[in-house]
Amino acid sequence: MEFFSFTLYFFYMIIDLRSDTVTKPSKAMLEAMMAAKVGDDVFREDETVNALETRIANMFGKTTALFFPSGTMANQTAIKLHTNPGDQVICDKYAHIYNYESGGVAFNSGASCKLIEGHRGMFTAQQVIDAINPEAYYYSPSRLVEIENTANRGGGSCWDFNEILKIRKVCDEQDLGFHLDGARIWNALVEKNETTEQYGEVFDTISVCLSKGLGCPVGSVLVGDEAIMKNALRIRKVFGGNMRQAGYLAAAALYALDNNMDRLVDDHKKAREIGETLSKLSIIKTVEPIETNIIIFELNKDVNEKTFIQKLIDKNIHIISMGTNKLRIVTHLDYTDAMHNKVIEILKNLTV
């Protein structure tokens, strides 16, 4: 009977690889959440939220941190802190703040984006110099440089830290703010053996997501020094982001920081193994370089994207389309070894 139950479970097992945001809290994380000491965070009286903010601020060597319900709100708050209406933000053409935050740069801050033609979501210091507008009054003032690490549309690509330092130098010389969308910074830190302190020294503001690689149900944190973060709390309120007993969510984040960081290497390993399998299939045109937990690949022109996706759905495997025959797979905390073995086996034998 036990063998039958296991076989049935294996047959109906849903494998969701659309994103690393599909994870659910573990039993241990839920226990940590239920044990949280909470208060009214609008009055700044939730001690678990306060503990999380202090911890992350200290991790990055910053004086101030603020807990947000989403990474988008944290990024949009950072942009508003750095800019005035009519200003311009320099970022990559694939940047999340430009492509996936509903036009928030314009809607929330009245700013525009100068898009850089980077490589896999990354660009150089010289490209930043070339993107800075002249000072003539009929140009939008360049105010902020924004980068994303890892770069989602770059296939989870990791920035060269030396290039980041060069961009920091340009920002200093040109009086530009420097913001990091660190939605998957934890993946970059683990893969590149870098530290939070390194990043805190370079960037004016950093948003870090807790609901992707670290497996929390909700939440991001924005960090910066006191001067730049002075109005962050008010802007979060304007955006409707104030929360009350948010300590239950902050407790999940504290648990994740203690328990879910080192295991990210497993996600990266599984992603590379999936990439290796895909690269051997005749129906695949290209697989982009894999550094962390994101696999982006392109089907041959004669392969129908919808048919390919449906074939996987029929096997209880869910992935996501990026358009123009490009697809994305993301490994994560809830993607088990058993699931991984099944995915590899199915891909090896997949026909379209």
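This is a predicted model: local features need pLDDT of at least 70, side-chain atom pairs count only at pLDDT 80 or more; totals for chains, interfaces and linings use all residues.
Let's start with Glu45. You can find Glu45 in the loop that runs between helix H2 (27-34) and helix H3 (47-59). Is Glu45 buried or exposed? Its relative accessible area is 53%, so Glu45 is exposed, since the cut-off for that is over 50%. Leaving aside residues up to four places away in sequence, Glu45 touches Gly39, Asp40 and Asn50. Now look across to Gly247: Glu45 and Gly247 are 202 residues apart along the chain, and their C-alpha atoms are separated by 9.8 Å.

Next stop, Thr63. Thr63 sits in the loop between H3 and strand E2 (64-68). Thr63 also counts as exposed, with a relative accessibility of 56%. Which residues does Thr63 touch, not counting those up to four places away in sequence? They are Ala57, Gly224, Asp225 and Glu226. Take Gly224: in sequence it is 161 residues from Thr63, yet C-alpha to C-alpha the two are 6.6 Å apart. There is also a polar contact of 3.2 Å between the side chains of Thr63 and Thr64.

Finally, the helix. H14 covers residues 264-279, 16 residues in total, and spans 23 Å from its first C-alpha to its last, close to the expected 22 Å. Its buried residues are Leu264, Asp267, His268, Lys270, Ala271, Ile274, Gly275, Thr277 and Leu278. As a reminder, an α-helix has 3.6 residues a turn, so residues three or four places apart point the same way. And what covers the buried residues of H14? The cover includes helices H9 (185-192) and H16 (337-348), along with strands E9 (284-287), E10 (294-299) and E13 (326-330).

Definitions and conventions: Residues are numbered from 1 along each chain as its sequence is written. Side-chain values use heavy atoms; hydrogens and water are left out. Helices (H or I, at least four residues) and strands (E, at least two) are DSSP runs, numbered from the N terminus. Buried means under 20% relative accessible area, exposed over 50%, partly exposed in between (1.4 Å probe, protein chains only). Contact means heavy atoms within 4.5 Å. A polar contact is a pair of N or O atoms within 3.5 Å; within protein, one must be able to donate a hydrogen and the other to accept it, and residues adjacent in sequence count only if both atoms are side-chain atoms. The expected span of a helix is 1.5 Å times one less than its number of residues.
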